[in-house]
Amino acid sequence: MERAIIHLNIADFAVAVETNRAPSLKGRPLIIAPEGAPRAVVYDMSDEAYKEGVRKGIPLSRARRLNQKIPILAPSFNRYEQAMKDLLKETFAFTPLIEYGQADGHIFMDVSASKRLFGPSVDVAFRLKKTFKKAFNLDPIWSVATSKLVAKVATRLVKPLGEYIVAPGDEEAFLAPLPLSLIPGLEKPDLKRLKEFNLFFVSEARGLTLEQLKIPFLQRAPLIYDRIRGIDPSPVRAFSETTSTLSADHEFSNDTNTAGSLRSALYLMIEQICRVLRTRNLHGGCTKLILSYSDGVQNTSASRLSPSTSNDMAMFKACALLLDKAWTRRVRIRHMRLICEKFCPPMVQTELFTPETKETRQVALIQAMDKIRNRFGKHAIKAGLTLTENRIAS
Amino acid sequence: MADTTACRLYIGTSGYSYGEWIDSGFYPDGTHSSNMLDSYIKTFHTTELNYTWYQMPKAPAMERMCEKVPEHFKFAAKLTRTMTHEVKKDLWQKEVLAFRQGMEPLIRAGRLLCILIQLPPYFERSVDFRNYLAALLDELSGLPLAVEFRHDSWANDKVFSELARRKITLVNVDEPDLPGLFPRLSVVTNPDLFYVRFHGRNAKGWRSGSMQKQFDYDYRDEELKEWAERIRVELMPEAASGGIFFNNHVRGQAPKNALRLIDLLLRKGGKKTPWNGPSFI
C-alpha cells in the first residue's frame with residue numbers, strides 16, 4: 001500500500017517552548033544549557049544564536065566565547081515533555097501511527113489509512129499546523145511524502161519555517177540536486193569517504209552501482225544505495241510501540257530467597273523482554289525491578305541502561321545489580337516483575353573492521369539462539385543459568 | 001439562438017490525486033498516486049492544482065508535470081495561501097514573485113488555463129480588503145486570473161465591472177444556500193474565459209471543518225441539467241473558453257458529475273459516457 005507520511009518539526013523546540021513563556025526572548029539569540037554544571041554543553045539554541053555559530057552539543061564555554069551577551073536558560077525537561085504530550089494529543093485524532101522524538105518537537109505520522117476519514121494527507125498536515133499554532137503558539141515546519149526519509153529531508157530544506165509536499169513518484173527527482181549531507185542515515189564517515197571520491201551531491205553518488213558502492217562501504221552499501229534513491233521502507237512505529245513499557249513477571253512456585261533461583265528467574269524475564277525488543281528493532285533504555293516478599297512488602301529499584309541494549313547478557317549484567325539493590329530483606333520472595341522502558345532505536349553505525357570481542361561473540365550467540373528458537377520453538381535452546389529455576393519449578 | 005460553437009470548454013475536477021477514486025472505480029485497482037495523472041488525462045483535459053494553495057509551486061515540479069500531459073491539457077493553479085489566507089503585510093509581494101517563477105514552466109508550455117485566486121470566507125468587501133485585492137491583481141497582472149469570492153458582499157455590479165475592466169474572470173460558484181456565502185450566479189467578466197466551480201450543496205457539512213463532509217455531495221441530474229442550460233445560454237456565448245471544475249471529490253462524485261455534465265452539454269440526453277471512459281468536448 002502506498003504510504004502517506006507527515007513530518008511535523010518544530011524547529012529549536014526547547015527554545016520555542018521557553019520563548020512562549022517569556023515572549024521578550026523571541027527573535028533574539030538564546031541558548032538552553034545547564035549553566036551551573038561542570039563541562040556543560042548546549043542543549044538547544046535559537047536560530048539567531050545558530051547564526052552566531054552556536055551549535056547543539058558544543059561546550060557551553062565555547063558558545064560563551066562566541067558571544068558573551070547571549071542569554072542562557074537552564075533546560076526544563078518536564079516542560080518540554082509536557083509540551084510534546086500536548087502536541088501528540090492533537091495528532092492522535094488522525095492516526096495511531098505516530099512516532100516522535102524525546103521532547104524534541106519531531107513527529108512522524110502515517111496517515112495512509114485515514115484519508116477516507118479525514119481527507120487528503122496535505123490537508124491533515126495543514127490543519128495540524130494551524131492547530132499547533134493556535135492552541136500552543138508553536139509553529140511547525142511540515143512535509144508530506146511517501147517515506148520518513150523523504151519527509152525528513154523535505155523539512156530540513158525549509159527550516160526554520162515552511163512546508164514541502166513531495167508528490168508520489170517525485171522522490172528521486174526531489175533528492176537529486178541535494179547535497180549528500182542532507183540525507184538521513186549517511187553518517188560522517190560515509191560523507192567523508194564520498195567526498196574523497198569527489199561526490200558531494202545525491203545525483204553524483206547515484207552514478208555508482210551497488211557493486212561499486214560495496215567496495216568502499218561493504219555492508220553499508222545497500223543502505224547508502226537505497227537512501228540516495230529515497231527508498232526507506234521503515235515504518236512509522238505505532239504509538240503503543242514507542243511509548244509503552246515491556247514487562248515480564250515471575251511467580252515462584254515456592255517462595256524463595258535462594259540467589260540462584262532469583263538470578264535464574266531474572267534471566268528468564270530478560271530473555272523474554274529482549275526478544276521482543278529485538279523483533280521491534282529497539283533497545284531498552286531503562287529497567288525497573290519490583291520484588292514482592294511473601295509478607296506483602298514490595299521493594300523497587302530502577303536504573304538506566306547505559307548504553308541502551310536488547311542484548312540478554314548486557315541487560316542481565318545491569319539487572320543483577322538491581323536485584324542486589326532491591327533484595328534487602330531476609331523474608332522469602334514470592335514474585336518478581338521486571339519493567340523495561342525508554343525504548344530507542346539501536347545505533348546504526350558500526351565499524352568497518354570490528355575486532356572480535358566478548359560483546360561481539362555474545363551478539364552472535366544471541367542471534368544464533370534467536371534463529372534456533374524461530375525455527376524450533378522458544379524452548380528449543382536454553383541458557384545454562386535458567387536451568388536452575390527450571391529444576392526448582394519442576 | 002446564441003452562438004456556442006466558438007467557446008471551448010475545459011471540464012474537469014479540482015485535483016486528481018484521491019485514493020478513494022480507486023474504490024469508486026474511476027481509477028483502476030492498484031493505481032499508484034504517481035500514475036493517477038496518467039490515468040486522469042485519458043478522461044479529462046483539465047484539472048485544478050490544489051497543492052499550489054498549500055505550497056509555493058516549484059518550477060522543476062511544474063516542468064515534470066507538464067511533461068506528463070498532452071499538449072491540449074490545461075492546468076488551473078490555485079494561488080498560494082500566503083497571498084490569500086495568510087497574507088503578511090511586508091512579504092506578500094515577494095510571494096507573488098516566487099509564485100510567478102514557480103508557474104513559469106506552465107506558462108511557457110501554454111498549459112496554464114488560469115490562476116485561481118480563492119479568497120477566504122472572512123474576506124469581505126471592506127476598504128482594507130478592497131485595497132489589498134486591487135494591489136494583488138496589479139502585482140499579478142499579465143497572468144490569466146480568476147477570482148473566487150466566498151463572501152456575499154462581493155456580489156455587486158461595481159465589482160463585476162471592475163473585474164471586466166481588468167479582463168479578470170469572476171468564478172461562478174455552486175455551493176449550499178447558506179447565509180453569507182457568495183450566491184449562485186452566471187456572470188462573465190472576461191471575454192477570454194468564464195469559470196464555474198461546483199463545491200456541492202452539503203449545507204450540513206459545509207462548516208464542519210472537515211473536507212470530507214464539506215465536499216460530500218452528489219449532484220442530481222436536474223441540478224446538472226439546469227447548469228448545462230445556463231452554461232449553454234448564459235456563459236458560452238459570452239466567452240471564448242470556459243473552465244468548469246467539480247470540487248465534490250469525496251467518494252469519486254466529482255469525476256462522475258463532471259462526466260454527466262459533459263454528456264448533458266453534448267446533448268447526449270439519456271446516453272451516458274462510460275464511468276471512466278474518455279470524454280471530449
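Me: What share of the contacts in chain B with a separation of 6 or more is between residues 24 or more positions apart?

Reply: Residues 24 or more positions apart account for 78% of those contacts in chain B, where two residues are in contact if their C-beta atoms, placed from the backbone, lie within 7 Å. This is a predicted model, in which local features need pLDDT of at least 70 and side-chain atom pairs count only at pLDDT 80 or more, while totals for chains, interfaces and linings use all residues. Residues are numbered from 1 along each chain as its sequence is written, and chains are lettered from A, with ligands numbered from 1, in the order in which they are written.

Me: ok, and how many helices and strands are there in chain B?

Reply: Chain B has eleven helices and eight strands, counted as DSSP runs numbered from the N terminus, with helices being H or I of at least four residues and strands being E of at least two. The radius of gyration of chain B is 18 Å, close to the 19 Å that the globule rule gives for 281 residues, so chain B is as compact as a globular protein of that length. That radius is taken over C-alpha atoms, and the rule is 2.2 Å times the number of residues to the power 0.38.

Me: How much of chain B counts as buried?

Reply: Of its 281 residues, 43% count as buried, a word used if 20 or more other C-beta atoms lie within 10 Å of a residue's own, with exposed meaning 12 or fewer and partly exposed in between, and with C-beta atoms placed from the backbone.

Me: Take Ser17(B), where does it lie, and is it buried or exposed?

Reply: Ser17(B) lies in the loop between strand 1 (8-14) and helix 1 (20-23) of chain B, and it is buried because 20 other C-beta atoms are within 10 Å. Not counting residues up to four places away in sequence, Ser17(B) touches Ser33(B) and Met36(B).

Me: Switching topic, how do helix 4 and helix 5 of chain B pack?

Reply: Helix 4 (residues 59-68) and helix 5 (residues 92-108) of chain B pack at an angle of about 20°, with their axes 8 Å apart. Axes here are lines fitted to C-alpha atoms, for helices over the stretch in contact, and angles run from 0 to 180 degrees between N-to-C directions. Helix 4 and helix 5 of chain B are therefore roughly parallel to each other, given that angles under 35 degrees count as roughly parallel, over 145 as roughly antiparallel, 65 to 115 as roughly perpendicular and the rest as oblique.

Me: Which residues of those two helices meet?

Reply: From helix 4 of chain B come Ala59(B), Met62(B), Glu63(B) and Cys66(B), and they meet residues of helix 5 of chain B including Gln101(B), Met103(B) and Leu106(B). The residues of this contact divide into six nonpolar, two polar and two charged, where Ala, Val, Leu, Ile, Met, Phe, Trp, Tyr, Cys and Pro count as nonpolar, Asp, Glu, Lys and Arg as charged, and the others, Gly among them, as polar.

Me: How many residues of chain B are in contact with chain A?

Reply: In chain B, 14 residues are in contact with 17 residues of chain A. The largest share of that side of chain B, three residues, comes from helix 4 of chain B.

Me: And in chain A, how do helix 1 and helix 4 pack?

Reply: Helix 1 (residues 13-21) and helix 4 (residues 77-91) of chain A pack at an angle of about 95°, with their axes 10 Å apart, and that makes helix 1 of chain A roughly perpendicular to helix 4 of chain A. Phe13(A), Ala14(A) and Val17(A) in helix 1 of chain A meet Arg79(A), Tyr80(A) and Ala83(A) in helix 4 of chain A.
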